[in-house]
Amino acid sequence: MSEQAPAALTDWFVNHVRAESGRSPRPPLALALLAGGHSNLTYRVTDADDVSWVLRRPPEGTLLATAHDVLREARVLTALSPTPVPTPAVHAVCEGHDVLDADFFVMEWVDGIPCTTAAAAAGLSPAQRRTAGESLADTLATLHRVDVDAVGLGALGRREGYVQRQLRRWQTQWNTQRVDALTEIDEAFELLSAQIPEQRQTSLVHGDYRLDNCILATDGTVRAVVDWEICALGDPLVDLGVLLAYWTEPGDDAQALEDPPTSVTGFGTRDEVRIRYLQAAGLGPETDVRFYVAFAWWKLACIVGGVAARAAAHGGTGRDAASYVNQLRRIAAQAGTLARAL
């Protein structure tokens, strides 16, 4: 559902944003919410000539410091634009609350295939699904080869001790916004903290790398990686762990997402995705990534806990808080199981 953009936003767009042709947007502008709630809010903005852009701004409610910093996200996308990593181009950035009640930025609308649900995945051919799995692994390895100093992201944050800092940060988030008595999260935190692998490499880490945060081309390859709000400098194997945690196979009991697109056959197995990434990254297939998968499930539990808390307080996520609590319990149980098995 679309609504007309407020006058202040329309004026800002006309003065700061340009179409690929170089002309200004032509009012009226229509806003359509594409995603919201736990992530930065994402809107499609369309002008009177049916030209579209994407606007990103933080969600409503109490936010974890730096987790929804859209200015930082815009900076990362701008830095990645000359690299082989496929990302949308940033058109304009608005710092301050004069136009909206938050900072925001505008980036290009990337035409392609969003694969966010099982139904969307079922619309892909078997060849597209197979290619998508391979391309996600290859694209992730490409991201991790980016020279962060060369692209101006060397000062994005601390480089060492990434997992330790993440464990402290997200456990603090959980302690602040507990919505259920889940001992698995606390137990997994202790187990993971006691056996953190050595960080052998530092790279730009996306932080939430998965199929539904990518836009596919018609052949199934990744055309754009989106949702960079929690990217950082750190251990690249954390991204692999996240990808594998989200990579639900058909028949899996434990599912991180409510409607995982990879539950449809044809995407390849988690093991195939793991080996494809390790080969593309120049790592041996024997590389042990079990810790990173367990960590990904634990971190996701903390994130969903925060979403559930905000849904209970403010709504606006498209789901009720109870459904998030049920998802949280399922994810926390899997995190506990994997952490105990290390």
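Phe-267 counts as buried because its relative accessibility is 2%; buried means under 20% relative accessible area, exposed over 50%, and partly exposed in between, with a 1.4 Å probe and protein chains only. Before going on, the basis: this is a predicted model, where local features need pLDDT of at least 70 and side-chain atom pairs count only at pLDDT 80 or more, while totals for chains, interfaces and linings use all residues. Residues are numbered from 1 along each chain as its sequence is written, and side-chain values use heavy atoms, with hydrogens and water left out.

Where in the chain is Phe-267? The residue sits in the loop between helix H7 (237–246) and helix H8 (270–280). Helices (H or I, at least four residues) and strands (E, at least two) are DSSP runs, numbered from the N terminus. With a contact taken as heavy atoms within 4.5 Å, and residues up to four places away in sequence not counted, Phe-267 touches Cys-115, Ala-121, Leu-124, Arg-129, Ala-132, Gly-133, Leu-211, Trp-247, Pro-261 and Thr-262. Gly-133 is 134 residues away along the chain, yet the two C-alpha atoms are separated by 5.4 Å.

Next, the sheets. S7 pairs with strand S9 (residues 214–216) over 2 bridges, and Pro-114 has Ile-215 as its bridge partner in S9. Axes here are lines fitted to C-alpha atoms, for helices over the stretch in contact, and angles run from 0 to 180 degrees between N-to-C directions.

The other open sheet I want to show has 6 strands in the order S1-S2-S3-S4-S6-S5, also with antiparallel pairing. Its edges are strand S1 (2–4) and strand S5 (90–94). Neighbouring strands of this sheet are turned by 30° against each other on average, direction ignored. S5 is joined to strand S6 (residues 104–108) by 4 bridges, and Cys-94 is partnered with Phe-104 in S6.

On a 1 Å grid over the protein atoms alone, a cavity is a set of points where a 1.4 Å probe fits but cannot get out, and lining residues have an atom within 4 Å of a point. Grid points are joined across faces, edges and corners, and a volume is the space filled by probe spheres set on the points.

The largest cavity has a volume of about 80 Å³. Its lining includes Tyr-246, Lys-299 and Ile-303, and H9 gives the most to that lining, with 4 residues.

The second largest cavity has a volume of about 50 Å³. Among its lining residues are Leu-211, Trp-247, Pro-261 and Thr-262.

How values were computed. Two strands pair if DSSP finds at least two bridges between them. On a 1 Å grid over the protein atoms alone, a cavity is a set of points where a 1.4 Å probe fits but cannot get out, and a pocket is an open set with protein on both sides within 12 Å along at least five of seven lines; lining residues have an atom within 4 Å of a point.
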